[in-house]
Amino acid sequence: MRDTNVFKWLDERIGLAALMEVATHKTVPEHKHSFWYYWGGISLFFFTVMCFTGVLLLMYYRPGPAAYESVRQITTEISFGWLIRSIHSWSANLMIASIFVHMLSAFFLKAYRRPREVLWFTGMGLLGMAMIFGFSGYLLPMDDLAFFATKVGLAIPGVVPVVGPFISDLARGGPEISAYTVSRFFALHVVILPALFIPVLMAHLALVQKHGMSLPESEQDKPEKERKSIPFFPNFAMKDMAAWLVALNVLALLAACFPWPLGPAADPLKSAPMDIHPEWYFMSQFQILKLFGAWFPGEIGEFLGLGLINAGIVLWLLVPFFDPERRAGLWGRRVTWFGLFVVAVLVITTIWGYAVLPAAAG
């Protein structure tokens with residue numbers, strides 16, 4: 001390959017041989033927990049698919065008053081438009097799911113410890129922006145479920161004293177959800193968030209390159225000569241691409257067999273659907289707010305629920321400072337138990353939130 005004219009042409013201009021030399025000498029640890037190393041790449045794969053299909057949808061989508069009609073045309077009239085839209089929506093959800101798996105594996109493998117604190121912070125930033133991607137994109141079809149779910153979601157910050165109503169009005173572009181809201185969410189979804197997400201993603205990948213893959217504690221206890229590793233290229237890269245192929249097949253099956261639905265056009269004068277609910281990655285927070293709203297009178301319940309959720313997020317973000325290294329001892333075990341508690345709360349409240357939906361609909 002190195003003797004071909006194409007390789008020589010590229011090597012002269014971009015230093016391809018030097019890049020291949022770095023990739024060849026870079027190694028990745030190989031052990032019983034190596035499975036979790038692939039989830040970062042899977043997240044990146046779904047993000048790439050989401051960007052590509054998003055560009056195709058941009059060719060036909062019209063933000064503002066014609067938002068619903070443009071999505072209806074994409075879904076029913078444009079050749080394979082329904083499939084592209086379905087792939088876009090499913091890849092967004094699968095990306096968030098894979099980021100969650102990646103984050104939890106990093107947490108329980110203690111991959112946030114020194115010197116990887118900034119790597120943890122950038123990863124948390126990517127997760128937060130991915131969830132905002134989902135929330136901003138949810139309204140863009142402007143069907144009834146998206147309209148009323150967004151209406152409920154944007155009303156939640158309003159319970160915060162002083163700044164809450166301003167934040168809600170700023171996001172909506174006024175006191176109610178309208179075509180202005182769609183335009184604002186569209187700008188957030190396709191311009192502002194990508195402009196923030198991509199640099200943070202590049203920084204995250206650069207830090208992974210700098211620090212390498214973290215070792216679980218069981219591997220750190222082994223003498224260095226007993227630790228196994230494989231070359232990044234081609235060994236790990238081939239396994240990574242195999243994981244992408246599996247992800248592509250899952251995405252294709254979901255998009256083809258379960259096309260993303262489009263409900264009736266939003267009508268602000270209609271009553272909200274009884275089974276209104278957010279996307280699955282916000283269901284836990286939604287259920288916690290419902291519980292606090294039932295336990296405490298008025299807006300104080302939602303305010304306390306928001307306080308609890310934000311306190312949990314801050315504690316999760318600051319975990320590297322509570323468990324900075326293996327010598328943390330008791331604090332390290334406490335952080336692990338905290339992580340298990342958070343996962344249990346997320347799973348239980350999410351299942352609980354979906355379990356009560358049929359009863360509400362009935």
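Is Glu69 buried, partly exposed or exposed? At 31% relative accessibility, Glu69 counts as partly exposed; the term buried means under 20% relative accessible area, exposed over 50%, and partly exposed in between (1.4 Å probe, protein chains only).

The structure is a predicted model, in which local features need pLDDT of at least 70 and side-chain atom pairs count only at pLDDT 80 or more, whereas totals for chains, interfaces and linings use all residues. Residues are numbered from 1 along each chain as its sequence is written, and side-chain values use heavy atoms, with hydrogens and water left out.

**First stop: helix α4**

Select residues 67–76, which form helix α4 and contain both Arg72 and Glu69, 3 residues apart, about one turn of the helix. Helices (H or I, at least four residues) and strands (E, at least two) are DSSP runs, numbered from the N terminus. Arg72 forms a salt bridge with Glu69, with the closest N and O atoms 2.6 Å apart. A salt bridge is a side-chain nitrogen of Lys or Arg within 4 Å of a carboxyl oxygen of Asp or Glu. Arg72 is partly exposed, at 25% relative accessibility.

**Second stop: helix α8**

Select Asp169 and Arg172, which lie 3 residues apart in helix α8 (residues 164–172), about one helical turn. Their side chains meet in a salt bridge (2.6 Å, N to O). Asp169 is partly exposed, with a relative accessible area of 35%, while Arg172 is buried at 12%.

Next, select Glu30 and Lys239, whose side chains meet in a salt bridge (3.3 Å, N to O). Glu30 belongs to strand β1 (residues 27–30) and Lys239 to helix α11 (residues 232–257), so this pair ties together parts that are 209 residues apart in sequence. Glu30 is partly exposed at 26% relative accessibility, and Lys239 is partly exposed at 37%.

The contact between them, meaning heavy atoms within 4.5 Å, takes 33 residues from domain 1 and 29 residues from domain 2. The area buried between the domains is about 3,000 Å², of which carbon and sulfur atoms give 71%. Buried area is the accessible area (1.4 Å probe) that two parts lose on being put together, summed over both. Select Phe107, Arg113 and Val159, which supply 19% of the area that domain 1 buries against domain 2, more than any other three residues.

Finally, select Arg114 and Glu325, whose side chains meet in a salt bridge (2.8 Å, N to O).
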